[in-house]
Each structure stands twice: as structure tokens, then as C-alpha cells.
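Here are a few notes to read alongside the structure, written for someone opening it for the first time.

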Amino acid sequence: MADFLSNYSIQRWLESCPQGYLEDTVYGHRPDDHEPESMLDNDLLRESEIRSTVQLVAGERCALAASSGLINSAPDQASKAFLATQTLDEGRHVEIFTQRLYDLGVKPQDLEATITTYLNPHLAKFAEVLLEKVDKKDFVAGVVGQNIVLEGMAFSVFEMLQATHTETNPKFAHTLSGTIADERRHVGFGENRIGELIRRYPERKADVERMQRDMSKHMLATFHVAFSGSAAANEEAKRQMESGARPKTKAVYQGVDLSAVSTEEMEKVLASTVLGEFKTRLARIGLEYQSPL
Amino acid sequence: MNDPLESQRGGTEKRPRQVFELDETGFNEVPPRYRRFYRRWKGTADSLAPNEVKCPVCKVVIRSRVELRAGDRVYCMPCMSRLEVIEENGELVAKVLY
């Protein structure tokens, strides 16, 4: 068993998470926080928030299926216990982002139709590649796909979303801070567990690297479609700031003020951050990053 | 052990290590008794104190009661990584131990 898990326990998860940063929250945010009226009253901005939240729900549904599916193929009890807590984390993420869709005005009876309408097809393909490995009970590939590629992407996406919402939407920013805290544990498990397993099973490298390349290809296509689709809403948000309808704010991510750049530049910043992180993380655990381009 | 500094293997330097008083930083992602040993990284403009090192896995800043030196081993509780402090381009950074 990997030594890093010897300090991990479900008791510590309870003290850190439900009794820690989630204490006194409702669906991940302070009970009195609400979505801003300036966004809810603007159809373009509201639809853009629904579209981006649908991708979060879809991504978290994939993470829930993957983490729960990996429990039975985990080779040791400590990993099973960790994945059990991760399964609950992912289930919570599905719930809080679904609740956000309701807060944005989606009716519960329209939930699945809304997801079908706005789901980015490239994100669905990204999930398929991962879940195929999980279905085959391939623990090594499943953990790399789930805890390094998917969670690594989610970590950067959540940080970027948090930067853009901290001043304009404290409710959503608070929700994201809890998910970022969860992601720290998930990427930590991925790196530490696989770092040890890849040294033990080096023959698995080629297959795992191929999966990373395929997932990265679908991820970049997901980003491209998402940012292209949000261009009009970003322009509207800038127009509101310039007209004084919403306060002028800065949203600094990776040293770039996102409120002052084009959607193409935002896409470039996110894609280069995520791919840079993949390269660094994979190199640390002995895998070579495969460019999808 | 409370301090994330697991072992002081660092350095041949004979000068005694600086000691630091650790205040609460608002970090709430670990049980309360460990919180002052961590803080959130504030981005590229954030500068680290001599008793701090950034976890390369989860980007949290790990804080010790004493000055850190190359060769020390620290533990990042938020992501469960065991790390060794090394010197790179004149700066102290953490390397993951698998």
C-alpha cells in the first residue's frame, strides 16, 4: 500500500470537509447568498451561465460514475476508502451544480432536456474515453484519466471560474471554493497512487499515454466550443460594466485580467494552463505527455 | 505531529534556524488543529517566507514553525503528498516523494 495513504482516514475527511469548509453552507454556499439580479434579468447572460453550468453537471456526473466504478477495481483497502469519499464528493458536486441550474431558473422537470440541449458533444466524448477504461476495471488508466486528466482539468477550470465570479457572484465563487478544496485531495490521490503504481507496472505507460492524448484532444475541442459560444455573453458583461449597470471588476487568473481580454485569449490562457499542468504532473509520475495536436 | 515538517535533514549550514510564530490564515481545508500550518497561494505575485514552500500537487503553501532548508521533508495534508524541500535556481521548492 502506498505510504501516503497511511495518514488518510475517513475521520480526517469528516473533520476537513463536512465539519470543515462545508460547515454552515447550503448547497456549497452561504445560506443568504443569491445569484445576482443583473445576470438573472438578462436572458443572454442567464443562458450563458446555464450553458456553462450544464458542462459542470455533465463533468461531475462522469466523475461520479468513474470514482464509484473504480472502487471495486482498487487493489487495496485504503484506496477503496479514499474513492468512497471521492464518490461522495462527486455526488455532492453533481447536486450543487444541479441546484445552481434550478437557481438560474431551470425547472426540475426540464433538467435532463436542458442538459441534452446545452451539453458540449466534445465533453461527452471526453467522458466516454474515461468511462470505457473504468468499465474494463483498468485501475491504473482509470485513476490517471479520472484523478489526473479530468480532475486536473476541473481544478484549472474551477480556479478560472472562481476568478471571474469572485467579485460579480460571491455565491457561485463560494460554491467553487469548496469544490477546489475537494479537487486538491483528488489530484493528490491521483498523483501519489499512480506515481507508485507506474513504477511497478511500467508496461502500462503506452496505453495510459494514448488515453491521455485522446482525452486532451476532446478537452481542447470542448474549450474551443465553450469559449466561442460565450463570446456574445462576455461582450454583454463588458457592456454592462461600461454602462455602470454592474460594478467594474478585475478577474485575475494566471496573471491575466480576464475582464479585459477577448474570449480567444481566455481560451488560450486556460488551455495553456491545463496542458502545462498535465505535462508537469505526468512527468512527475513517470509518464510522457502526448500532444493531441 | 502537528508541524508539517516531518524531518529536518536539511543543510550543512550551522546557523540556527529562524523560528516563526504561525497565525491563523483563514485556511479551512484541514482539521482546525492543523490549519495554521497551511495557507492559500495568492498567485504569481505571492512571495514565500523562509518557513514556507508551495506544494506542487495542490498549490497550497505549507508553513513550518522553523525556517526550511534543502533536504527537509514536509507533509501536505490537503492533498496528502509527502515532499522533500530542494533548492532550484536559488529558491526552495518542494519535490513529491512517491
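1. Let us begin with B:Arg40, whose bridge partner in E4(B) is B:Val60. This bridge belongs to the pairing of strand E2 (residues 38-40) of chain B with E4(B), which is antiparallel and runs over 3 bridges. Please keep in mind while looking that the model is predicted.

2. E4(B) has another partner to look at. Strand E3 (residues 52-54) of chain B also pairs with E4(B) in the antiparallel sense, over 3 bridges. Here B:Lys54 stands opposite B:Val61 of E4(B). E3(B) and E4(B) make a hairpin with 5 residues between them, and in its turn B:Lys59 has a positive phi of about 70°.

3. Which way do the side chains of strand E4 (residues 60-63) of chain B point? B:Val60 and B:Ile62 point one way, while B:Val61 and B:Arg63 point the other way. In a regular strand, side chains alternate between the two faces of the sheet. In E4 of chain B, the residues on both sides are buried, B:Arg63 included.

4. Next, please follow the pairings of E5(B). Strand E1 (residues 5-7) of chain B pairs with E5(B) in the antiparallel sense over 2 bridges, and B:Leu5 stands opposite B:Val74 there. E5(B) also pairs with E6(B), again antiparallel, over 4 bridges. In that pairing B:Cys76 stands opposite B:Ser81.

5. B:Met80 sits in the loop between strand E5 (73-76) and strand E6 (81-88) of chain B. The hairpin of these two strands has 4 residues between them, and B:Met80 takes a positive phi near 70° in it, although B:Met80 is not a glycine. Is this residue, B:Met80, buried or exposed? B:Met80 counts as buried because its relative accessibility is 3%, and the cut-off for buried is under 20%.

6. B:Asn89 lies in the loop between E6 and strand E7 (91-96) of chain B. Its phi is near 50°, a positive value in a residue other than glycine. B:Asn89 has a relative accessible area of 76% and is therefore exposed, whereas B:Met80 is buried.

7. Now for the place where the two chains meet. In all, 25 residues of chain B are in contact with 29 residues of chain A. The chains bury about 2100 Å² between them, with 50% of it on carbon and sulfur atoms. On the chain B side, B:Glu29, B:Met80 and B:Tyr98 lose the most area to chain A, together 36% of what that side buries.

8. B:Arg33 forms a salt bridge with A:Glu15, and the closest N and O atoms are 3.1 Å apart. By class, the side of chain B that touches chain A has 15 nonpolar, 3 polar and 7 charged residues.

9. Over all chains, the count of salt bridges comes to 34. In chain A, the side chains of A:Asp207 and A:Lys133 meet in a salt bridge, at 3.3 Å from N to O. That pair links distant parts of the chain: A:Asp207 is in helix H9 (residues 205-229) and A:Lys133 in helix H6 (residues 121-135), 74 residues apart. A:Asp207 counts as partly exposed because its relative accessibility is 23%, while A:Lys133, at 14%, counts as buried. A:Asp207 also meets A:Arg204 in a salt bridge, at 3.1 Å from N to O.

10. In chain B, the side chains of B:Arg39 and B:Asp46 meet in a salt bridge at 2.8 Å from N to O, and both residues are buried. In chain A, salt bridges that share partners join A:Glu35, A:Glu49, A:Arg100, A:Asp103 and A:Lys171 into one network.

Notes: Residues numbered from 1 in each chain as written. Chains lettered and ligands numbered in written order. Predicted model: local features only at pLDDT ≥ 70, side-chain atom pairs only at ≥ 80, totals over all residues. Heavy atoms only, no water. Contact = heavy atoms within 4.5 Å. Buried area = accessible area lost by both parts, 1.4 Å probe. Salt bridge = Lys/Arg side-chain N within 4 Å of Asp/Glu carboxyl O. Nonpolar A, V, L, I, M, F, W, Y, C, P; charged D, E, K, R; others polar. Buried < 20%, exposed > 50% of the residue type's maximum accessible area, 1.4 Å probe, protein only. Pairing = 2+ DSSP bridges.
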